[in-house]
Amino acid sequence: MPAKYLILNEGSTMRAIAAILLVTTILGCTPTTTSQKESQPASPPSTSTPPSTSTPPPTSTAPSPSPAPQPTRPVYNLTGYSPSFKDGYIDGCETAKKTANGAKDEQRFAGDKQYRLGWNDGFSLCGRNRAEK
């Protein structure tokens, strides 16, 4: 039985490569939240047994005060950039989007070139995307 091969001409190969690069670029710029684990694999489901019902759960008379929920700092896929650039990009982008995480660290902006470059890039790119919508 003969093997089947997909034969592409040069033009269709270049279009396929361009489409793949476009999709990976778009997906690479999607923000995520810090609650998502970046480097840790998903843990397998627990197979523990349910607790025995012979001991009643402890009861409390007064509810404990819970702290106000803090807004989670978004995480962007900025692989290959310095931590200072990443911090600046997130701060600039969130400032352009006018979210609770939007802030400019004036001290870092004045003294850290990578933070300043990231902040300016994030602010201009996210501000432009917001204006296009």
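Which residues are buried in α2? In this predicted model, the buried residues of α2 are Ser84, Phe85, Gly88, Tyr89, Ile90, Asp91, Gly92, Cys93, Glu94 and Ala96. Buried means under 20% relative accessible area, exposed means over 50%, and partly exposed lies in between (1.4 Å probe, protein chains only). Residues are numbered from 1 along each chain as its sequence is written. Local features need pLDDT of at least 70 and side-chain atom pairs count only at pLDDT 80 or more, while totals for chains, interfaces and linings use all residues; side-chain values use heavy atoms, with hydrogens and water left out.

**Overall layout and confidence**

- The protein contains four helices and two strands, in the order α-β-β-α-α-α from the N terminus. Helices (H or I, at least four residues) and strands (E, at least two) are DSSP runs, numbered from the N terminus.
- Of the 133 residues in the protein, 17% are buried.
- The mean pLDDT, the predictor's confidence in each residue from 0 to 100, is 73 for the protein, and 49% of its residues reach 70 or more.
- Confidence is highest in helix α3 (residues 106-111), at a mean of 95, and lowest in strand β1 (residues 32-33), at 56.
- Over residues 35-39 pLDDT stays under 50, and the model has one contact beyond four places in sequence for them. Contact means heavy atoms within 4.5 Å. Where pLDDT is low, the predicted coordinates should not be read in detail.

- Helix α2 has 15 residues and spans 21 Å from its first C-alpha to its last, close to the 21 Å expected at 1.5 Å a residue; the expected span is 1.5 Å times one less than the number of residues.
- Lysine 98 follows α2 and has a positive phi, near 60 degrees.
- The largest nonpolar core has eight residues: Tyr76, Leu78, Phe85, Tyr89, Ile90, Cys93, Ala96 and Cys126. Five of them, the largest share, come from helix α2 (residues 83-97).
- A nonpolar core is a set of buried Ala, Val, Leu, Ile, Met, Phe, Trp, Tyr and Cys residues joined through side-chain atoms within 4.5 Å.

**Aromatic rings**

- The structure has five aromatic pairs. Rings of Phe, Tyr and Trp (its six-membered ring) pair if their centres lie within 6.5 Å; planes under 30 degrees apart count as stacked, over 60 as edge-to-face and the rest as tilted.
- Phenylalanine 85 and tyrosine 89 are stacked, because their ring centres are 6.4 Å apart and their planes stand at 25 degrees. Both residues are buried, and they are separated by about one helical turn because they are four residues apart in helix α2.
- Phenylalanine 109 and tryptophan 119 form an edge-to-face pair, since their centres are 5.7 Å apart and their planes stand at 85 degrees. Phenylalanine 109 lies in helix α3 and tryptophan 119 in helix α4 (residues 113-132), so the pair ties together parts that are 10 residues apart in sequence.
- Lysine 104 lies over the face of phenylalanine 109, at 4.2 Å from the ring centre, and its charged end sits over the ring of tryptophan 119, 4.3 Å from the centre. A charge sits over a ring if NZ of Lys or CZ of Arg is within 6 Å of the ring centre and within 35 degrees of the ring normal.

**Glycine 122 and tyrosine 89**

- Glycine 122 belongs to helix α4 and is buried, with a relative accessible area of 0%.
- Glycine 122 and tyrosine 89 are 33 residues apart in sequence but 4.3 Å apart in space, C-alpha to C-alpha.
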